[in-house]
Every structure is written in structure tokens, then in C-alpha cells.
Amino acid sequence: MYKVCVSLGMLLLSACTYSEPLITPSGHQGFRIDCTGVENIGSCYKEAGKICGSAGYEIIGQSNNRSGFFTAGNKELVVRCKAPGEQ
């Protein structure tokens, strides 16, 4: 039973982070990563690393609002993947 609960928990956490492509204000390809359903914004950074790989990424914007009694929290990251060799 414990293994089933842990597996289900991992599945739910992975399902709560998603990304979609967008064009940044500078005209570059970027991504909006939404991690609203997870505990902290670290999941967004992890997803950005997966998307952009070893070249890294530049953070264009982020939102890390806590949820309140009547409001839903919002965890979002907007990134631009760097080109290989870009600092």
C-alpha cells in the first residue's frame, strides 16, 4: 500500500508542472512554465533545466505568489533558452 501511495504522489507531482512555448518581448523563443500545483517554485527551475539542457536559460519573469484563504497560489516561470556557448 505504501508503494502505491508513493507512486501516486509522484505521478501527481509530475503532472502539476507543464510548459508551453512563447515568443519573448525581445522576439526570442521562450517558455512559460507553470508549477502552481506543487509546493515550491523549484519545480519550475527543474523543468526549465530539462527544457533548455546544458546551455542553460535566462529568466524573463517569474511569479511565486502564496495561496491564501480565498485565493489560489501562482507559481510560474518564463525563460529563454540560451544558445550553446552563450554566457
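How many bridges join E3 to E4, and do these strands run parallel or antiparallel?

Reply: E3 and E4 run antiparallel and are joined by eight bridges. The model is predicted, so local features need pLDDT of at least 70 and side-chain atom pairs count only at pLDDT 80 or more, whereas totals for chains, interfaces and linings use all residues. Residues are numbered from 1 along each chain as its sequence is written, and side-chain values use heavy atoms, with hydrogens and water left out.

Helices (H or I, at least four residues) and strands (E, at least two) are DSSP runs numbered from the N terminus; two strands pair if DSSP finds at least two bridges between them. The pairing belongs to an open, antiparallel sheet of four strands in the order E1-E2-E4-E3. Strand E1 (18-23) and strand E3 (57-65) are the edge strands, each pairing on one side only. From one strand to the next, the twist averages 20°. H2 lies across E1, E2, E3 and E4 and runs at about 25° to E4, where axes are lines fitted to C-alpha atoms (for helices over the stretch in contact, meaning heavy atoms within 4.5 Å) and angles run from 0 to 180 degrees between N-to-C directions.

Cys52 and Cys81 form a disulfide (a pair of cysteine sulfur atoms within 2.5 Å), with an S to S distance of 2.0 Å. This link is left-handed, with -70° about the S-S bond. Because Cys52 lies in helix H2 (residues 42-52) and Cys81 in strand E4 (residues 74-81), the pair ties together parts that are 29 residues apart in sequence. Cys52 is buried, at a relative accessible area of 12%; buried means under 20% relative accessible area, exposed over 50% and partly exposed in between (1.4 Å probe, protein chains only).

Cys52 also belongs to the largest nonpolar core, a group of ten residues that includes Ile33, Leu77 and Val79. Such a core is a set of buried Ala, Val, Leu, Ile, Met, Phe, Trp, Tyr and Cys residues joined through side-chain atoms within 4.5 Å. Strand E2 (29-34), H2 and E4 are the elements that give two or more residues to this core, and H2 supplies the largest share, three residues. Leaving aside residues up to four places away in sequence, Ile33 touches residues including Cys44, Ala48, Leu77 and Val79.
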